[in-house]
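Subject: Structure handover

Hi,

Here is the structure I promised to pass on. Please open it beside this email and follow along.

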Amino acid sequence: MSRIGKNPITVPEGVTLEIKENIITAKGKLGELTQEYSDITIKHEDGTITLERSSEKKDHRAKHGLYRALIANMIEGVSKGWTKELELVGVGYRASNQGQKLDLAVGFSHNIILDIAPEVKVETISEKGKNPIVKLTSHDKQLVGQVAAKIRGFRKPEPYKGKGIKFVGEEIRRKAGKSA
């Protein structure tokens, strides 16, 4: 039995679930998310959701834990939301935003201007003496992670000085430089 798949999901107050043939929809105060599923059965009773698989085939076992995790992330997203924070480490690295346009100065000849999806709220925090922080918030965990990975991909942290765009709290493996 899948350790993740067999755990029940508790549905908090204010979240409504709608289960049709092979689509589950979660609605909450922050938005609405839908997810297709196959090869599993979903039971919703007394504020908890349990997932069961039809057989012990390898792909059915894999989907059991996968869909449980996706549904749990949907429910948490529409009730609490998801946040990712990126830190710009480097001299002269700056971030600012006008609405959904993110403007990054990360050491290239021109600034990078990125249009962020309307479902994701972007906020930049710049304090004197501290590295700039880009804060992304949304109800969709996959979308927040994808946007954060795209921003990080512009200038990944390098292992010698640690310069680049990194997640807040991320540890960068450092290398020793040339020794004279």
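In which loop is Asp46 found? Asp46 is in the loop between strand E5 and strand E6 (48-53). Keep in mind that this is a predicted model.

Asp46 has a positive phi of about 55°, although it is not a glycine. Most residues other than glycine have a negative phi. Is Asp46 buried or exposed? Asp46 counts as exposed, because its relative accessibility is 80% and the cut-off for exposed is over 50%.

Asp39 also deserves a look. Its phi is positive too, about 65°, and Asp39 is not a glycine either. Find Asp39 in the loop between strand E4 (32-36) and strand E5 (40-45). Asp39 has 31% relative accessibility, so it counts as partly exposed.

Now move along the chain to strand E8 (residues 94-98). E8 and E9 run antiparallel, and five bridges join them. Ser96 has Asp103 in E9 as its bridge partner. Two residues lie between the strands of this hairpin, and Gly99 takes a positive phi near 65° there.

E9 also pairs with E10. These two run antiparallel, with four bridges joining them. Asp103 turns up again here, standing opposite Ile113 in E10. The hairpin of E9 and E10 has six residues between the strands. In this hairpin, Gly107 has a positive phi near 90°.

**The nonpolar cores**

In soluble globular proteins, nonpolar side chains tend to be buried together. What does the largest nonpolar core hold here? It has 20 residues. Those with the most contacts inside it are Leu88, Leu104, Ile116, Val134, Leu136 and Ile151. Two or more residues come from each of these elements: strand E7 (82-89), strand E9 (101-105), strand E10 (112-115), strand E12 (133-138) and helix H2 (141-154). H2 gives the largest share, five residues.

Which residues does Leu104 touch, leaving aside those up to four places away in sequence? They are Leu88, Arg94, Ala95, Asn111, Ile112, Val134, Ile151, Phe154 and Ile165.

Best wishes

Note on methods. Residues are numbered from 1 along each chain as its sequence is written. This is a predicted model: local features need pLDDT of at least 70, side-chain atom pairs count only at pLDDT 80 or more; totals for chains, interfaces and linings use all residues. Side-chain values use heavy atoms; hydrogens and water are left out. A nonpolar core is a set of buried Ala, Val, Leu, Ile, Met, Phe, Trp, Tyr and Cys residues joined through side-chain atoms within 4.5 Å. Buried means under 20% relative accessible area, exposed over 50%, partly exposed in between (1.4 Å probe, protein chains only). Contact means heavy atoms within 4.5 Å. Two strands pair if DSSP finds at least two bridges between them.
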